[in-house]
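The structure comes first, then the text.

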Amino acid sequence: MLRLTTAGESHGPALVAIVTGLPAGLRLDREAIDRDLARRQQGYGRSPRQSLERDEVEVLAGLRHGATLGSPLALVVRNSDHENWDWGMSPWPPGGEPSGKGTSPVTLPRPGHADLAGALKFGHDDARNTLERASARQTAVHVAAGAVAKALLREIAIEVTGRVLEIGGESSPEDWGSATDDARVDRDTLGGVVQVVADGAPPGLGSYAEKDARLDARLAAALMGIQAVKGVEVGDGLALARLRGSEAHDEIEPDLRRRTNRAGGLEGGVTNGEPVVIRAAMKPLPTLMRPLRSVDLVSGEAGEALVERSDVHAVEALAVVAEAAVAWELARAAREKFGGDALGDFVGAHRAYLERIRWPRG
Ligand SMILES: Cc1cc2nc3c(=O)[nH]c(=O)nc-3n(C[C@H](O)[C@H](O)[C@H](O)COP(=O)(O)O)c2cc1C
């Protein structure tokens, strides 16, 4: 079983991921991982933080001379901004006078963030104790793990690609710049829609046997697990509800392929051999430069929410994070189906399976 455990605060020393369940002998390319980390940081809607930090992966364990050992893979992405938060985010009681950022408690929770619920749930009197982990900064290390998953999937000819479909309700890319500029001038934020397509998945990943084995459910959970994602569509999704059955399904041709793909490559929670197509909708980012109304948790008085350097939107970044999440979940499903301790076992089981089902046909 492929498993991922992460740790790390937004302005703490580093983000950490432990990946277990990879086969031995998978070659990883440091530049490919760093390229995905850089893609996550790009985008016209991003804040200056993205240009201050250049994320790079470090590998502490599980890799030797560029190939996995079959032991847990430990990935680290350092927060270079931590030097400005040295006192405020010190893991141990900080010595000396308070200095840098994060020295005073956050008592005005931001609507749309986990600040209020987290402060109440955990008994925090400083909302920073919540927001540091609830922040989407942790998606960096998920992107690093996703790059590893993509390397594994490439061994069985599966390619996963994310792209932006809409920003601020605009679907033509020519309008994205001006939509972003307008929101920036208004000190407001935008949301958007991204789409991830996985090409090359054979029929048979996932299962209809239990609801938590359904790959559509697992992919939806993987995408809903990303901060600010509020809706997921598989294939034509909600639009299918407004069609007749004769218009909604993908007829099967003699080669077992389909001429349409309204199901988004998934039937009964199992891949059907067509590209997996899944979309995620992102709400407008909740930290506004024109802060929303809030209440001070200590004084009980009305006030304005904390303003922390923030993006106008992060839809381009979401496309990269969503790509990583889909790749991760597909890699998990592929490991379940094809198993193997060595990469050759995994690839060999995939090849034998394709021979058994005679895929592709024709
Ligand atoms: C890649 C990415 C970047 C984000 N950047 C910001 C940001 O700069 N400012 C902000 O307020 N929210 C940002 N968010 C969204 C918040 O992290 C998210 O809305 C918040 O944690 C509350 O979670 P929820 O929206 O899922 O309820 C970002 C989300 C993603 C996926």
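How do the residues of the shell around the ligand divide into nonpolar, polar and charged? There are nine nonpolar, five polar and four charged residues in that shell; Ala, Val, Leu, Ile, Met, Phe, Trp, Tyr, Cys and Pro count as nonpolar, Asp, Glu, Lys and Arg as charged, and the others, Gly among them, as polar.

The model is predicted: local features need pLDDT of at least 70 and side-chain atom pairs pLDDT 80 or more, while totals for chains, interfaces and linings use all residues. Residues are numbered from 1 along each chain as its sequence is written, and side-chain values use heavy atoms, with hydrogens and water left out.

Around the ligand are 18 residues (a heavy atom within 4 Å). His-113, Ala-228, Lys-283, Thr-287 and Ser-310 come nearest.

| Residue | Protein atom | Distance to a ligand oxygen |
|---|---|---|
| His-113 | side-chain N or O | 2.9 Å |
| Ala-134 | polar backbone atom | 3.3 Å |
| Lys-283 | side-chain N or O | 2.8 Å |

On its own the ligand has 630 Å² of accessible area (Shrake-Rupley method, 1.4 Å probe), and the protein covers 86% of that area.

The structure also holds one cavity of 30 Å³ or more; a cavity is a set of points on a 1 Å grid over the protein atoms alone where a 1.4 Å probe fits but cannot get out.

Technical notes
Polar contact = N/O pair within 3.5 Å; in protein donor to acceptor, adjacent residues only side chain to side chain. 1 Å grid on protein atoms, 1.4 Å probe; cavity = no way out; pocket = protein on both sides within 12 Å on 5 of 7 lines; lining within 4 Å. Points joined across faces, edges and corners; volume = space filled by probe spheres on them.
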